[in-house]
Amino acid sequence: MMGAFDMLRIAGSSLGMHQTWLDALAHNISNVNTVTSTDEDAFQAQMVVARTRPDGGVRVGGIEYGDAEGRMVHSPDHPLADENGYVRMPDIDMSSQMSQLVMAQRGFQASVQVTKNAQDSYNAALQIGRS
């Protein structure tokens with residue numbers, strides 16, 4: 001049977017992983033329009049890799065990065081445009097980022113609720129012990 005401390009530990013690990021995922025998504029979304037010259041790398045999206053922990057929790061297993069090649073966009077009036085009028089933009093799909101943002105937010109909220117429920121269970125057990 002899983003105790004309140006186990007639930008707190010697992011939910012806490014989930015909170016940390018989801019927070020890292022939310023941070024990475026916010027970073028990606030805020031840089032979706034970052035322009036670089038064609039001789040520089042494009043902004044690389046960050047993708048959080050989640051891994052299970054032996055004790056039943058979850059952890060951030062690493063951060064993977066998107067393609068530095070990005071995509072070439074014809075924008076001859078941009079100050080960073082090359083002689084052919086191209087600039088480099090990140091290859092980030094905004095709809096995918098927004099969908100992931102919703103999933104990460106809901107995962108974070110679920111972990112908060114589990115934490116609250118575990119704390120309530122622990123407090124109830126303490127009250128029974130005091131009676």
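Reader: Buried means under 20% relative accessible area, exposed over 50% and partly exposed in between, with a 1.4 Å probe and protein chains only. Which residues in helix 2 are buried?

Author: They are Gln 97, Leu 101, Ala 104, Gly 107, Ser 111, Thr 115 and Ala 118. Helices (H or I, at least four residues) and strands (E, at least two) are DSSP runs numbered from the N terminus. The model is predicted, and local features need pLDDT of at least 70, side-chain atom pairs count only at pLDDT 80 or more, and totals for chains, interfaces and linings use all residues. Residues are numbered from 1 along each chain as its sequence is written, and side-chain values use heavy atoms, without hydrogens and water.

Reader: Which residues make up the largest nonpolar core?

Author: That core has seven residues: Trp 21, Leu 22, Ala 24, Leu 25, Val 48, Leu 101 and Ala 104. A nonpolar core is a set of buried Ala, Val, Leu, Ile, Met, Phe, Trp, Tyr and Cys residues joined through side-chain atoms within 4.5 Å.

Reader: And what does Ala 104 touch?

Author: Not counting residues up to four places away in sequence, Ala 104 touches His 18, Trp 21, Leu 22 and Leu 25. Contact means heavy atoms within 4.5 Å.

Reader: What span should helix 2 have?

Author: The 37 residues of helix 2 (94-130) should span 54 Å at 1.5 Å a residue, and its end C-alpha atoms are 54 Å apart, which agrees. The expected span is 1.5 Å times one less than the number of residues.

Reader: Changing topic, how do strand 1 and strand 2 pair?

Author: Strand 1 (46-52) and strand 2 (58-65) pair in the antiparallel sense over seven bridges; pairing requires that DSSP finds at least two bridges between two strands. Ala 50 has Val 60 in strand 2 as its bridge partner. The two strands form a hairpin with five residues between them, and Gly 56 in the turn has a positive phi of about 100°.

Reader: Is Thr 36 buried or exposed?

Author: Thr 36 counts as buried because its relative accessibility is 11%. Thr 36 is in the loop between helix 1 and strand 1. Leaving aside neighbours within four places in sequence, Thr 36 is in contact with Asp 41, Ala 42, Leu 80, Val 87 and Arg 88.

Reader: What about Asp 77, buried or exposed?

Author: Asp 77 counts as exposed, at 77% relative accessibility. Asp 77 is found in the loop between strand 3 (71-74) and strand 4 (86-89).
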